Amino acid sequence: MSEAAASGVIAAIARDSRSRLLAFLAARSGDLAGAEDAFAEAFVSALQRWPADGVPDKPEAWLLQVARHRVIDAARREQVRKNSPLLPETIADEAQTVAAASDPFPDERLKLLFVCAHPAIDAAARTPLMLQVVLGLDAARIAAAFLVAPAAMGQRLVRAKNKIREAAIPFRVPEPPEWSERLSFVLDAIYAAYTTGWESAGDTAATHHALAAEAISLGQTLVRLVPDDPEARGLLALMLHCEARRDARTSATGEFVPLDQQDPRRWSRPLIDEAENHLRLAAARHQLGRYQLEAAIQSLHANRALTGEIDWPAIAQLYEGLVRLSPGIGSRLGRAVALAEAGELAAGWAALEALPAEAIASYQPAWAARAHLLRRLGRTAEACEAYLRAADLAGDAGLRKYLLEQAAAMK
Amino acid sequence: MKYILLTRATQETFSQPPDPAAVAAGRAYGQALFAAGVFVAGAGLGSPDSTSTVSVRDGKRQVHDGPYAETKEFLAGFVVIDVPDLDAALDWAAKNPNASTSVVEVRPLMGSHFAGETRKG
């Protein structure tokens with residue numbers, strides 16, 4: 001077999017099976033970093049041997065065998081160095097069984113996701129860890145997406161992996177009482193990847209767009225692993241709804257376009273349909289959750305493509321539920337705006353005024369919403385000031401420009 | 001896998017006479033650890049006032065009165081438990097009576113050079 005053909009096969013396995021192989025081995029050794037190193041070496045061996053020997057019948061099993069030998073060697077060395085609780089022979093036996101079996105080996109990536117989003121892991125490391133371990137993104141790319149120096153991101157990831165090994169964070173799928181809390185950490189980490197990728201619409205957006213796509217792919221993986229969990233589907237529906245509008249967020253001339261002024265013909269129908277399908281399947285389980293509610297709100301916005309109108313009273317009601325379920329600043333702000341848009345301007349303004357001042361002082365969406373409601377109230381001078389403050393706080397150049405134009409229109 | 005659960009308390013807590021309810025809760029916790037077969041060692045610690053600090057510099061021993069650093073909270077007790085993994089250790093930490101008033105720090109015990117000695121003995 002030619003070198004090019006062999007490396008093509010290896011690249012395909014690295015892409016399609018790496019995280020499953022990693023999950024399987026790490027779940028047994030308890031050492032994520034060690035398992036990553038072992039597979040890196042296994043892939044190097046494959047690159048050396050497959051062109052001459054040919055691709056083995058079960059290439060994944062071959063890689064697993066080589067990697068498990070590395071892990072066992074390392075574990076033996078470690079056991080000599082200190083009293084390691086690891087039982088290399090157990091791993092060996094189990095890996096042998098799996099390697100010999102004809103079925104594809106079990107998909108244990110859910111354990112991997114739960115480890116990455118474990119509450120004992122630094123919250124700032126959970127999302128990057130998932131992107132690296134489950135999707136195989138390199139540290140430099142993750143660092144760029146999170147606007148962190150590559151060395152700092154590398155260190156954060158190493159520290160998290162060391163903690164998994166040294167503190168013995170278990171690779172397990174939690175039982176029901178713990179399940180929803182632990183799953184919520186997984187969902188939050190995926191959503192953090194998506195919003196990091198979403199916030200920028202300007203020209204620096206290439207890495208960010210890619211990150212949003214990676215977040216959706218994580219969400220799709222999760223839904224495949226837990227098809228019956230309504231919140232996992234809710235999160236995926238939410239991300240797909242937002243993704244459907246990516247192109248419509250900027251005009252032909254590159255200007256920012258707010259949601260209610262977007263041209264629905266520029267929304268992606270297939271993505272909306274996929275989102276709606278997930279939301280329908282989620283709703284059928286009758287277990288409401290934060291992500292389902294947020295997806296439902298986006299679904300009502302998407303409905304404008306069919307009806308030409310936005311059902312603000314219904315949106316206000318969904319926000320009401322969201323505030324009860326997760327009373328954060330974001331949901332309370334959304335409720336205030338929805339109330340105002342639904343015709344209850346005074347109630348909306350009162351809800352906005354009720355938000356704690358210190359919590360919204362440098363929260364950009366709050367200033368944009370404030371400006372919008374002040375304009376509706378006819379208080380143009382104050383609206384102008386709020387638009388300027390919102391523009392100051394806007395991270396994205398297109399959004400800043402839009403807000404400055406709104407401010408200018410108030411004069 | 002062995003973990004140490006460390007608890008802390010303020011100087012005032014040490015100065016006050018022991019609260020019977022807290023003592024009872026502590027005893028119940030110890031019994032629960034013992035009954036579950038996870039207890040390795042543990043004790044409450046004397047007050048910061050009773051603490052001495054020792055250092056050796058250039059072969060010369062120095063002894064100071066009091067804990068190493070003046071902080072708001074002082075080490076007040078510890079339990080060493082032997083459980084399968086961190087999740088189990090965190091569960092026991094959450095059951096520690098101190099978790100509801102202060103914090104419980106959970107740290108893995110590294111493979112110790114004392115371990116070999118213990119096994120011989």
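This briefing walks through two protein chains, from their overall make-up down to a few single residues. The model is a predicted one. Chain A is built with 21 helices and 0 strands, while chain B has 4 helices and 6 strands.

- Let's start with chain A, where 50% of the 411 residues count as buried.
- Take the contacts in chain A between residues at least 6 apart in sequence: 64% of them join residues at least 24 apart.
- Chain B has 121 residues, and 26% of them count as buried.
- The C-alpha trace of chain B spans about 45 × 40 × 25 Å along its principal axes.
- If you read chain B from the N terminus on, its elements come in the order β-α-α-β-β-β-β-α-β-α.
- For chain B, 77% of the contacts between residues at least 6 apart in sequence join residues at least 24 apart.

**Helix H8 of chain A**

- Helix H8(A) covers residues 150–166, which is 17 residues.
- Just after H8(A) comes Ala168(A), which takes a positive phi of about 55 degrees.

**Two packed helices: H11 and H13 of chain A**

- Two packed helices are described by the angle between their axes and the distance between the axes.
- For helix H11 (residues 230–244) and helix H13 (residues 290–302) of chain A, the axes come within 7 Å and cross at roughly 35 degrees.
- The crossing of H11(A) with H13(A) is left-handed.
- On the H11(A) side, the contact is made by Pro230(A), Glu231(A), Gly234(A), Leu235(A), Ala237(A), Leu238(A) and His241(A). On the H13(A) side, the residues are Arg290(A), Tyr291(A), Gln292(A), Glu294(A), Ala295(A), Gln298(A), Ser299(A) and Ala302(A).
- Sort the residues of this H11(A)–H13(A) contact by class and you get 7 nonpolar, 5 polar and 3 charged.

- Leu240(A) lies in helix H11 of chain A. Is Leu240(A) buried or exposed? Leu240(A) has a relative accessible area of 1%, so it is buried.
- Leaving aside neighbours within four places in sequence, Leu240(A) is in contact with Ile216(A), Leu271(A), Glu274(A), Ala275(A) and His278(A).
- Leu240(A) and Val323(A) are 83 residues apart in sequence, and their C-alpha atoms are 22 Å apart in space.
- His241(A) is also placed in helix H11 of chain A. With 1% relative accessibility, His241(A) counts as buried.
- Again leaving aside neighbours within four places in sequence, His241(A) is in contact with Ile272(A), Ala275(A), Glu276(A), Ala295(A), Gln298(A), Ser299(A) and Ala302(A).

**Positive phi in two loops**

- His286(A) isn't a glycine, yet its phi is positive, near 55 degrees.
- Where is His286(A) placed? You'll find His286(A) in the loop between helix H12 (269–283) and H13 of chain A.
- The relative accessible area of His286(A) is 71%, so this residue is exposed.
- In chain B, Asp58(B) has a positive phi of about 50 degrees although it is not a glycine.
- Asp58(B) sits in the loop between strand S3 (52–57) and strand S4 (60–65) of chain B.
- Asp58(B) is exposed too, because its relative accessible area is 84% and the cut-off for exposed is over 50%.

Definitions and conventions
Residues are numbered from 1 along each chain as its sequence is written. Chains are lettered from A and ligands numbered from 1 in the order in which they are written. This is a predicted model: local features need pLDDT of at least 70, side-chain atom pairs count only at pLDDT 80 or more; totals for chains, interfaces and linings use all residues. Side-chain values use heavy atoms; hydrogens and water are left out. The expected span of a helix is 1.5 Å times one less than its number of residues. Axes are lines fitted to C-alpha atoms, for helices over the stretch in contact, and angles run from 0 to 180 degrees between N-to-C directions. A crossing is left-handed if the near helix is turned anticlockwise from the far one by less than a right angle, and right-handed if clockwise. Contact means heavy atoms within 4.5 Å. Ala, Val, Leu, Ile, Met, Phe, Trp, Tyr, Cys and Pro count as nonpolar, Asp, Glu, Lys and Arg as charged, and the others, Gly among them, as polar. Buried means under 20% relative accessible area, exposed over 50%, partly exposed in between (1.4 Å probe, protein chains only).
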